[in-house]
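Subject: Structure handover

Hello,

Here is the structure we talked about. My notes follow below it.

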Amino acid sequence: MSTKEIISRDEFLNHWQGHRTLTRKTIEAFPEAEIFKFSIGGMRVFGDLIKELLSIAAPGLDGIVHKKIEGYSHELPELKTKSDLLNEWDQQTSQINELFKQIPDEQFHESFNLFGEYEFPVYQNLLYFVDNEIHHRAQGFVYLRALGIEPPFFWDR
């Protein structure tokens, strides 16, 4: 049985980075005074959601590339302002581009125990990075609307 590729590596990375671009626009739209304070219904503040994303994607990809199984922490106490979040976001965007290129094709279907907790094929871990980002960005969209701010168009990637 042969398989046919339905999405290339470059197409996947461009899709992922498109989501990262939209999430960056969402961070930019958030008021500095509210990013680490505003919450609805007991959900975490948007700044903490972004810290989670920053503690997962690039560090997780680094673990996959270098076959390191290490735990993670969403704390990131050094990130205290919107500017801190944006700077780290930009640094990790470049890291993701470089690390992604280092994954050999045959590794995408190999199992990897991400952070010592999530044992899945590499491609599923990568999809999780994107899915988790979409989920938390959507929470940010709800927060922005509750603050009377129009979020970025979800297709503007």
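This is a predicted model: local features need pLDDT of at least 70, side-chain atom pairs count only at pLDDT 80 or more, and totals for chains, interfaces and linings use all residues. Residues are numbered from 1 along each chain as its sequence is written, and side-chain values use heavy atoms, without hydrogens or water.

Strand 1 and strand 2 (residues 118–121) run antiparallel and are joined by 4 bridges. Strands are DSSP E runs of at least two residues, helices H or I runs of at least four, numbered from the N terminus; two strands pair if DSSP finds at least two bridges between them. Phe 112 has Phe 120 in strand 2 as its bridge partner. The hairpin has 3 residues between the strands, and Phe 115 takes a positive phi near 55° there.

Next, the cores. A nonpolar core is a set of buried Ala, Val, Leu, Ile, Met, Phe, Trp, Tyr and Cys residues joined through side-chain atoms within 4.5 Å. Buried means under 20% relative accessible area (1.4 Å probe, protein chains only). The largest core has 21 residues; Trp 16, Leu 61 and Phe 100 are among those with the most contacts inside it. Helix 2 gives the most to this core, with 6 residues. Another core, of 16 residues, lies apart from it and includes Phe 46 and Leu 144.

Last, Gln 139, in helix 4. Gln 139 counts as buried because its relative accessibility is 12%. Its side chain makes a polar contact (N or O atoms within 3.5 Å, one able to donate a hydrogen and the other to accept it) with the side chain of His 136, at 2.5 Å.

Best wishes

Methods:
Buried means under 20% relative accessible area, exposed over 50%, partly exposed in between (1.4 Å probe, protein chains only).
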